Amino acid sequence: MKEFLVFVRKEFKQVFRDPRTLLIMFGLPVAQIVLFGFALTSEVKNIDILIVDNSKDVISSQITDKIKATNYFIVQQKNIGGADIDKTFKKGGVQAVLIYPVNFSSDLSHEGKAQIQIITDGTDPNTAKTIGNYLTAIINAYQQVKFPSASIRYQILTEPRMLYNEEDNGSMNFIPGVMALILMLVCTALTSVSIVKEKELGTMEILLVSPFKPVMVLVAKAVPYFILSLINFTLILLLSVFLLHIDVKGSILLLYMESALFILTCLSLGLLISNSTNEQQTALLISMMGMMLPTIIFTGFIFPLENMPWILRTISNVVPSKWYFLIIKSVMLKGLGFQYVWKETLILILMTTVLLTIALKKFKIRLQ
Amino acid sequence: MRNLGFLLQKEFRQIFRDKTILAMMLALPIIQLMILPWAMNLDIKNINLSIVDNDHSSYSQQLITKIGSSGYFRIISADGSYKEALEHIENGSSDLIMELPSGFERNLFREGKQTIGISVDAINGSKASIGGAYLSSVISDFNVNLGINQIKVPDYKTKPLGFIEITFSTWYNPLAEYKYFFVPGVLVLLLTLIGGFMTALNIVREKEVGTIEQINVTPIKKWEFILGKLIPFWIIGMIVFSIGLLVIWAVYGITSVGSLPLLYIVAGSYMIALLGFGLLVSTFCENQVQAMFVAFFFILIFILMSGLFTAVQSMPHWARIISGFTPVSHFIKIMRMIMLKGSGFSDIRIELGYILTFALVLNAWAIWNYRKTS
């Protein structure tokens, strides 16, 4: 036991010796929380729109004012011909063009209807669709007020209620995803170099000839990263609560247990990578370059998993962060108990066992 | 100049000697480019809805049928009470609950209006909020076609009451498919990963192994050494970029609308900027792990701020400024402009100017920071 502690202390010292490791360990979570909490939003705002008013009448300018009054749009007004619209889009200055035809309001009063043309830049489909929705809503609302005869006598109204997130705190959607992402990437990357580093430097031989059991070398490697990852998790949690004002609704104990389990899964994956490679460079390329994008995508916090083709949905099942993401959402944000997440927990336990078994099998205690 | 030739020979030999790394540099990005964009789709489909109908009247049935046939929703359960429906939200099988109160039809006739409750699982972010909006619009559409409204306003068509019709057209991507948006971005991203990581690693590796000392004692000049490192990775980067363009064409059927040479000029400049970044990182680090970590830290932030996943213009002002300081955001913007819209040189010249500035500053800084004496 004493030897074990000595080993653990050695590992800790090696981690803390390098400030750059700490940058990844603690700088990354802070940066991510700030970015996801304050900078990144799935809401579309500040849309540059060009309004071409060929009619210049009361109604068209009233609608334009309505559009200006929302804080979604930044309005430019210029009268340009059809051919120049393409040029404007190509310059990238605007994302949508709204055109009132000549005689807009006289058509409206004489013929009872008139057309507004909206052209959007489809290179960003999400923004294009959102612009369509915003403008339709604005114009329809204007119509209802301006021409009340078209409104309806019997109405079913809706009263939406935001469950779990009454203030509509946008960062809430991202936080569980960020947690899963950071723990997964940082934890795996750090452990993935741990053993291969000793192999590369030749210090592995010294460890193996020591009276210490080889398996304990692995365990001693994992312990510091396990503890550091738990601290890391605590840091993210504190930041989300105090900086982003997210309440932890469920049991803290359960949250920690589940996170500890997930950290173990990532550690096992890291050890597996470390045992299967011979160079630090390769290990890091796999754990960072290889895993970054798949983790971002298959965790399911940016792109909805149910939209993916079935084959990719199947692949997403082997990504541990996906399951952890589901657990965190249920426990932390919805405040649900263990009975709602036992399935996901079981999957993580299974993954850990499998990864750890293969990692141990691959761990060579003899040198070639 | 001869020195440079020898250095290049050495670098290429080293790169080709290590087959694992070479395969990883070429295969990882290409495989990811082939697979990942299929998963990147922000469409909201199959919104799961639980319905609690406390009224069981003909109008409530009509409304439910209308919602079911709208195509957006999958009605997964009809529950007896709100509590039962909440159970579905809690175990994740449902996104929305619509609760029709008892007396729904009666109140609608007597009072002219009736409010129904929609409960949204707001943790499920965009899906739930858009689901809620869809549901509201289906219901307001139902209002218009409600039998009693049709009877009350018989002269709807004959009386000129002003009706504004909106026509939409989506240019450059008429079906608003997400692949056009994400595929060029993913290619940029993968190029960034290779360029940023590989150069950072390579110099540091010489430091770690100790071979840099041997180079330092030779009469090789600083710029020769750095060029010797840059050129091979620049070439590899351009090869990956070309293969990437082929993959984009073969797998996704996307070809560049704009000029291909212009695209290559921009990509070439971008690679120089990126390699400068990698070099700079390597001058600050002593070993590979450090270099990887520092590079990773910045690249992850670059990616999130670049506008690949979320639109830059929606960010707050300070974040947009930070975004402007990442070369990735400019390149992604140009890629989309040239490939999808066919923008020409004059349209992108400002953005290209940014990239060239990055290339200049980062490389100058790296050369300045590289010391031949330790």
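1. Let's start with chain A of this predicted model. Chain A is divided into two parts: domain 1, made of residues 2-40 + 174-362, and domain 2, covering 47-150. Notice that domain 1 is written as two stretches of sequence. The C-alpha centres of domain 1 and domain 2 of chain A lie 49 Å apart.

2. Now turn to chain B, where you can find 15 helices and 5 strands. How does its radius of gyration compare with the globule rule? The value for chain B is 29 Å, while the rule gives 21 Å for 374 residues, so chain B is more spread out than a compact globule. Along its principal axes, the C-alpha trace of chain B spans about 95 × 50 × 40 Å.

3. A word on the interior of chain B: 44% of its 374 residues count as buried. Among contacts in chain B between residues at least 6 apart in sequence, 78% join residues at least 24 apart.

4. Finally, have a look at one helix pair in chain B. Helix H11 (residues 260-284) and helix H14 (residues 327-341) of chain B have axes 11 Å apart and pack at an angle of about 170 degrees. An angle over 145 degrees counts as roughly antiparallel, and H11(B) and H14(B) are therefore roughly antiparallel to each other.

5. Which residues of H11(B) and H14(B) meet? From H11(B) come B:Leu262, B:Leu263, B:Val266, B:Tyr270, B:Ala273 and B:Leu274, and they meet B:Pro327, B:Phe331, B:Ile334, B:Ile338 and B:Met339 in H14(B). By class, this contact of H11(B) with H14(B) has 11 nonpolar residues, with no polar and no charged ones.

Definitions and conventions
Residues are numbered from 1 along each chain as its sequence is written. Chains are lettered from A and ligands numbered from 1 in the order in which they are written. This is a predicted model: local features need pLDDT of at least 70, side-chain atom pairs count only at pLDDT 80 or more; totals for chains, interfaces and linings use all residues. Helices (H or I, at least four residues) and strands (E, at least two) are DSSP runs, numbered from the N terminus. The radius of gyration is taken over C-alpha atoms; the globule rule is 2.2 Å times the number of residues to the power 0.38. A residue is buried if 20 or more other C-beta atoms lie within 10 Å of its own, exposed if 12 or fewer, and partly exposed in between; C-beta atoms are placed from the backbone. Two residues are in contact if their C-beta atoms, placed from the backbone, lie within 7 Å. Domain bounds come from an automatic or database domain assignment. Axes are lines fitted to C-alpha atoms, for helices over the stretch in contact, and angles run from 0 to 180 degrees between N-to-C directions. Angles under 35 degrees count as roughly parallel, over 145 as roughly antiparallel, 65 to 115 as roughly perpendicular and the rest as oblique. Ala, Val, Leu, Ile, Met, Phe, Trp, Tyr, Cys and Pro count as nonpolar, Asp, Glu, Lys and Arg as charged, and the others, Gly among them, as polar.
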